[in-house]
Amino acid sequence: MSITDFLTDLLNPDLAFLPKALAIAVMSSIVCGVVGCYVVLRGMAFIGDAVAHAVFPGIAVAFVLQGSLVLGGAVAGVATALLIAIFSQNRRVKEDSLIGVFLVATFALGIVIISQAPGYAGSLQQFLFGSITGIPDRDLYVVGGTGLVILGLVLALHKEFVAVCLDREMSRSMGLPVFWLDIVLYVLVTLAVVISLQTIGNILVLALLITPAAAARLLTDRLGVMMLLAPAIGGVSAFVGLYLSWSYDTPVGGTVVLVATAIFLAAWLIAPRHGVLTRRWMRPTERELPDASGPGSYGLPHPQEPSPAAG
């Protein structure tokens, strides 16, 4: 199918679900790309995975009760994030172990709950792998409104998030409420995950948070540019992925993720400064040039070097 045919189908009133699916996919990819920058910068991909699974029982309860999936998923994700934050205050058990415990427990709880609903097998497949059919109009407004709230909070707390991501101990010494900033970030990750489930599914949703941001991380040393590139990569991946899915009858979520992964691999190979092939072609003197990131420019650590906040 040519791109012209795809655009024609988008305007076809008999295929009204297609433009809605595209709008939700692009909007959620953009939001995930922005939030994902903090996830990648802080090295908290495992936390993102835990939150992605934590929303499942809330969505299952909302589905059984015919309630709001977004609200149900958000409540479950926030509750799990709070539990992880509270339990992690006891240093006897490390945070990654607690995340593993709650990740599996919440996902198992969701499976048990949704198994009580009629037609559970089909519903479970839709939750796990996404679906572009049957998207109600209200979801457009929910995703759009939630996305604006997320982006507004990111804009308001950007400097604080950057400080905590780059150096947690320094942030504490500056008097920043690190614990509560962690909670807010977990909530934003949760909301970004929930609005993405419709098209990408629970299993693959982590890719929208990580892959575009990781690709952008390879393409620039400045956080401001990274936060523009990541949502752009996510939006392009959603559009191209839906086009290929519609053309070749492949699952939407998997196709979107594969397109984003292809962009990441291209960046890994040929990124201007940090691509593997690019670094081989560069002269030794060019490789050793320092990053042009002055004070206040949010210059990032080298992608191949551990971030101060990685721990």
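Reader: At what angle do the axes of H11 and H12 cross?
Author: The axes of helix H11 (residues 205-219) and helix H12 (residues 223-248) cross at roughly 135° and come within 8 Å. That makes H11 oblique to H12. The axes are lines fitted to C-alpha atoms, for helices over the stretch in contact, and angles run from 0 to 180 degrees between N-to-C directions. Angles under 35 degrees count as roughly parallel, over 145 as roughly antiparallel, 65 to 115 as roughly perpendicular and the rest as oblique.

Reader: Before we go on, what kind of model is this, and how are residues numbered?
Author: It is a predicted model, in which local features need pLDDT of at least 70 and side-chain atom pairs count only at pLDDT 80 or more, while totals for chains, interfaces and linings use all residues. Residues are numbered from 1 along each chain as its sequence is written, and side-chain values use heavy atoms, with hydrogens and water left out.

Reader: Is the crossing of H11 and H12 left-handed or right-handed?
Author: The crossing of H11 and H12 is right-handed. A crossing is right-handed if the near helix is turned clockwise from the far one by less than a right angle, and left-handed if anticlockwise.

Reader: Which residues make the contact?
Author: H11 contributes Pro212, Ala213, Ala215, Ala216, Arg217 and Leu219, and H12 contributes Met226, Leu229, Ala230, Ile233 and Gly234. Contact here means heavy atoms within 4.5 Å. By class, the contact of H11 with H12 has nine nonpolar, one polar and one charged residues. Ala, Val, Leu, Ile, Met, Phe, Trp, Tyr, Cys and Pro count as nonpolar, Asp, Glu, Lys and Arg as charged, and the others, Gly among them, as polar.

Reader: Take Ile233, then. What does Ile233 touch?
Author: Leaving aside neighbours within four places in sequence, Ile233 is in contact with Pro212, Ala215, Ala216, Leu219 and Ile263. Ile233 counts as buried because its relative accessibility is 9%; buried means under 20% relative accessible area, exposed over 50%, and partly exposed in between (1.4 Å probe, protein chains only). Ile233 and Gly33 lie 200 residues apart in sequence, with 7.7 Å between their C-alpha atoms.

Reader: Where does Asp249 sit?
Author: Asp249 is in the loop between H12 and helix H13 (252-270). Asp249 counts as exposed, at 72% relative accessibility. Although not a glycine, Asp249 has a positive phi of about 55°. Most residues other than glycine have a negative phi.

Reader: Turning to H1, how does H1 pack against H12?
Author: Helix H1 (residues 3-10) and H12 pack at an angle of about 95°, with their axes 11 Å apart. That makes H1 roughly perpendicular to H12. Ile3, Phe6, Leu7 and Asp9 of H1 meet Phe239, Leu242, Tyr243 and Trp246 of H12. These residues of the contact of H1 with H12 divide into seven nonpolar, no polar and one charged.

Reader: And H1 with H2?
Author: The axes of H1 and helix H2 (residues 17-42) cross at roughly 105° and come within 7 Å. That makes H1 roughly perpendicular to H2. The contact is formed by Phe6, Asp9 and Leu10 of H1 with Leu18, Pro19 and Leu22 of H2.

Reader: Lastly, how many helices and strands does the protein chain have?
Author: The protein chain has 15 helices and zero strands. Helices (H or I, at least four residues) and strands (E, at least two) are DSSP runs, numbered from the N terminus. Of the 311 residues in the protein chain, 49% are buried.
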